[in-house]
Structures are given as C-alpha cells and as structure tokens.
Amino acid sequence: MTLSLDATQLDRYSRHIILEEVGPEGQKRLLDGSALVLGAGGLGSPVIQYLAAAGVGTIGIVDDDVVERSNLQRQIVHGDADVGEPKVESAERYVENLNPDVDVEAHETRLDVSNARELIGRYDIVVDCADNFETRYVVNDAARIEATPVVHGAIYKFEGQATTLLPDGPCYRCLFPEPPEPGTVPDCAATGVLGVLPGTLGCIQATEAVKLLLDAGEPLGGRLLFYDAMELSFDTVSYARKPDCPACGEDAIESLEGIDYAGGGCRIDAD
C-alpha cells in the first residue's frame with residue numbers, strides 16, 4: 001500500500017496513527033473507505049460526526065426530512081439556524097466544517113425498494129439509523145444481495161440496541177423474522193426519547209463501522225447488544241443464522257422485486 005498522508009493529515013490523525021492496531025496504513029484505509037449513513041437524525045448525527053472526525057473519506061447521507069426545532073434536543077449535527085433546511089444539507093455543512101478530507105454525498109431522498117440496491121452498492125458499509133421497520137427490512141435485504149455489511153441501531157425511550165449484519169453471518173430477518181404489528185411500537189414523537197440516548201448508541205454504531213473499515217477487532221456479528229440508560233447496563237444476546245431465512249438462508253432471495261414492504265408488512269412469503 002502506498003501511503004500518501006500529508007503533514008496536516010499526520011497531525012490531524014496522529015492519535016490514530018500511534019495506535020498499533022491502526023497506524024498510517026489503517027488511517028489510509030479509512031480515508032479510502034466509504035460509508036452510507038441512513039438517516040441524519042438522533043442516531044445518524046453522532047455516527048456522521050465520528051466517521052467524519054475519524055477521516056472516513058466518503059460519507060453518503062440519506063434523509064428526506066427537514067430540521068425541526070424539536071430535533072435539536074438529540075440531533076446534534078443540526079443547530080437552531082438550520083431549522084427548516086433539509087437535514088442532508090445541514091449535516092453536509094457540519095462535516096465540511098469539521099474535516100475537509102471527507103467528501104459528503106447528500107441523498108435527499110427516502111431509501112426504498114426503488115433505490116436501495118443502487119445506493120447501498122456504492123459504499124463499503126451501511127450504517128442503519130432508520131426509525132421504521134419498513135426501511136430496516138429493505139436495507140437488510142438489499143445489503144444481503146449486495147454483500148454489504150450493515151451496522152444496525154435502534155432506540156426507544158431510555159433503551160437501545162445495536163448489532164452488525166455481516167454478509168456471511170445472520171441477518172436482520174434471522175433476528176426478527178417479522179415486524180411487529182402496525183401501531184404496536186410508537187415512535188419517539190408519541191413516547192419521547194432521552195436526548196443523550198442516541199448519542200450512546202450512535203457512538204457504538206460508529207465504532208463498529210470504523211472497525212469494519214479497518215478490518216480490526218470483533219464486530220457485533222451474531223450478537224445483539226442491549227443498552228438501558230436508566231440502569232446504565234449493557235447486555236448481549238447471541239443469535240444464529242437460520243437455514244430457512246428468506247433473506248440469507250438456503251433459498252435466499254436474489255431480488256427485491258415482488259416484495260411488498262409496505263402493504264405486505266415486510267414479510268417474504270415462502271414459495
């Protein structure tokens with residue numbers, strides 16, 4: 001590998017470079033790497049911050065929402081002056097101010113069946129910060145077909161969870177074969193959320209993403225991490241790949257066509 005870190009980069013990333021597990025070669029991997037962050041909200045904000053600070057060279061951001069004042073309690077890449085602006089533009093501006101080494105690809109759209117494979121296929125990893133089950137299943141299925149690892153995170157009130165879906169490991173459908181019934185899991189607008197909670201989970205997701213790009217450490221593949229902010233406790237549960245999983249099993253899907261993620265409740269009917 002030919003290293004080409006300039007003097008400014010050697011200074012900026014010096015605390016990475018002196019780590020034996022990273023070094024200049026690892027930092028170059030980060031600078032050459034790419035990550036697609038789905039959502040520039042509570043989870044996406046710390047993910048974007050830390051991936052940019054780490055020097056991940058290309059960060060794609062997918063979000064079709066605008067900044068609202070109620071977001072600012074937890075979505076920390078946005079400020080009061082950004083209210084009313086598209087979140088992808090506010091997040092892009094934040095990254096530009098933080099690290100000029102990083103190229104931001106802003107996708108002001110909603111990831112769905114029509115664009116999932118095209119978007120996911122352009123990046124080394126996906127960081128799933130989506131706030132709905134439909135998107136999570138689309139991401140899982142598209143990433144499985146594209147052989148792209150996914151770092152998943154989710155939050156609820158005072159609790160959160162994270163796992164990493166590796167191309168050769170169990171997928172989201174192995175963990176949650178079917179989504180909950182509509183209306184049984186309210187969103188944060190209805191239930192509220194502790195503002196610092198997504199900061200903790202988002203940092204965990206960013207850590208997993210950096211490890212994947214560095215090919216270092218042990219990712220959360222096949223392990224679901226639970227975090228309880230009120231108890232300040234962490235628990236981990238293992239899960240395995242299911243042979244009959246429609247997304248990664250013996251007869252796994254090869255296309256997203258024909259799957260009615262909205263009307264069909266994200267379910268894949270077995271042949």
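In helix α3, the buried residues are G23, G26, Q27, K28, L30 and L31. The model in which they are described is a predicted one. The cover over these buried residues of α3 includes α1 (7-12), α2 (14-17), α4 and α10.

**Helix packing**

Two packed helices are described by the angle between their axes and the distance between the axes. The table gives these values for two pairs in the model.

| Helix pair | Angle between axes | Distance between axes |
|---|---|---|
| α3 (residues 23-32) and α10 (residues 197-214) | about 110° | 9 Å |
| α4 (residues 44-54) and α5 (residues 87-98) | roughly 30° | within 10 Å |

How are α3 and α10 oriented to each other? An angle of about 110° separates their axes, and α3 is therefore roughly perpendicular to α10. On the side of α3, the contact is made by G26, R29 and L30, and on the side of α10 by V210, L213 and L214. By class, four residues of this contact are nonpolar, one is polar and one is charged. Of the residues that α3 brings to the contact, G26 and L30 also belong to its buried set.

The pair formed by α4 and α5 is arranged in another manner. Their axes cross at roughly 30°, so the two helices are roughly parallel to each other. The crossing in which α4 passes α5 is right-handed. Helix α4 takes part in the contact through I48, Q49, A52 and A53, while α5 contributes A91, Y94, V95 and L98. Seven of the residues in this contact are nonpolar and one is polar, with no charged residue among them.

Helix α5 also holds S90. With a relative accessibility of 2%, S90 counts as buried. Apart from its neighbours within four places in sequence, S90 is in contact with V67, V77, H78 and D82.

**Nonpolar cores**

The largest nonpolar core has 38 residues, and within it L51, I59 and I61 touch the most other members. Two or more residues of this core come from each of β1 (34-38), α4, β2 (58-62), α5, β4 (125-128), α10 and β7 (223-228). Helix α10 supplies the largest share, eight residues.

What does L51 touch, beyond its neighbours within four places in sequence? The residues in contact with L51 are A35, V37, V56, I59, V127, A206, A209 and V210. One of them, I59, is itself named with L51 among the members that touch the most others. Another, V210, also takes part in the contact of α10 with α3.

**Two loop residues with positive phi**

D215 is not a glycine, yet its phi is positive, at about 55°. This residue belongs to the loop between α10 and β7. Its relative accessibility of 64% is over 50%, so D215 counts as exposed.

L232 likewise has a positive phi, near 50°, in a residue other than glycine. The loop between β7 and β8 (233-238) contains L232. Because its relative accessibility is 63%, L232 counts as exposed.

Key:
Residues numbered from 1 in each chain as written. Predicted model: local features only at pLDDT ≥ 70, side-chain atom pairs only at ≥ 80, totals over all residues. Heavy atoms only, no water. Helix = DSSP H or I, 4+ residues; strand = E, 2+ residues; numbered from the N terminus. Buried < 20%, exposed > 50% of the residue type's maximum accessible area, 1.4 Å probe, protein only. Contact = heavy atoms within 4.5 Å. Axes fitted to C-alpha atoms, helices over the stretch in contact; angles between N-to-C directions. Parallel < 35°, antiparallel > 145°, perpendicular 65-115°, else oblique. Left-handed = near helix turned anticlockwise from the far one by under 90°. Nonpolar A, V, L, I, M, F, W, Y, C, P; charged D, E, K, R; others polar. Core = buried A, V, L, I, M, F, W, Y, C linked by side-chain atoms within 4.5 Å.
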